[in-house]
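This report describes aromatic ring pairs and pocket lining in a predicted model. The sequence and structure are shown first.

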Amino acid sequence: MGSLIIRWLLNALGLFIVAQLVSGVGYSSLQALLIAALVLGLLNAIVKPILFWLTLPFTIVTLGLFLIVLNAIIVMLTGYLVPGFTVTGFVPAAIAGLILGLISLLTSGVGKKNK
């Protein structure tokens, strides 16, 4: 349970960093940022795998570059679902998805138990 909370807070930190770096992504309050991190995590866990399988031919043809589009869609959907978290367009969402992916890559080992 503790590792889930750590991952959630790291996602919120990632969204904070994205909001500081990308001009088309913003939030109105800390509460909106925390809710956006939760919704983003749920969308990545539930919706993204479904979209991945539905768009697998596009992903194969583009040698994986279509995953950037999927990440942008998930970020835009988060902006649509969470009041107080805004994403103004596809390009800011794509940049946000790339930055969030890099942050996730860097923090992927945090909270895991050593075997």
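## Aromatic pairs

The predicted model contains 3 aromatic pairs. One of them joins phenylalanine 16 and tyrosine 27, whose ring centres are 6.2 Å apart; the planes meet at 55°, so this pair is classed as tilted. Because phenylalanine 16 belongs to helix 1 and tyrosine 27 to strand 1 (residues 25–27), the pair ties together parts that are 11 residues apart in sequence. Phenylalanine 16 has a relative accessible area of 34% and is therefore partly exposed. Tyrosine 27, at 30% relative accessibility, also counts as partly exposed.

Another aromatic pair is formed by phenylalanine 58 and phenylalanine 66, with 5.5 Å from centre to centre and 35° between the planes, and this pair is tilted. Phenylalanine 58 has a relative accessibility of 51%; the threshold for exposed is over 50%, so phenylalanine 58 counts as exposed.

## The largest pocket

The volume of the largest pocket is about 520 Å³. Its lining comprises 21 residues, and those closest to the pocket centre are Asn11, Leu40, Gly41, Asn44 and Ser104. Two or more lining residues are given by each of helix 1 (2–21), helix 2 (30–54), helix 4 (66–81) and helix 5 (90–107).

Helix 2 supplies the largest share of this lining, with 7 residues. By residue class, the lining of the largest pocket consists of 11 nonpolar, 8 polar and 2 charged residues.

Key
Residues numbered from 1 in each chain as written. Predicted model: local features only at pLDDT ≥ 70, side-chain atom pairs only at ≥ 80, totals over all residues. Heavy atoms only, no water. 1 Å grid on protein atoms, 1.4 Å probe; cavity = no way out; pocket = protein on both sides within 12 Å on 5 of 7 lines; lining within 4 Å. Points joined across faces, edges and corners; volume = space filled by probe spheres on them. Helix = DSSP H or I, 4+ residues; strand = E, 2+ residues; numbered from the N terminus. Nonpolar A, V, L, I, M, F, W, Y, C, P; charged D, E, K, R; others polar. Phe/Tyr/Trp six-rings, centres within 6.5 Å; stacked < 30°, edge-to-face > 60°. Buried < 20%, exposed > 50% of the residue type's maximum accessible area, 1.4 Å probe, protein only.
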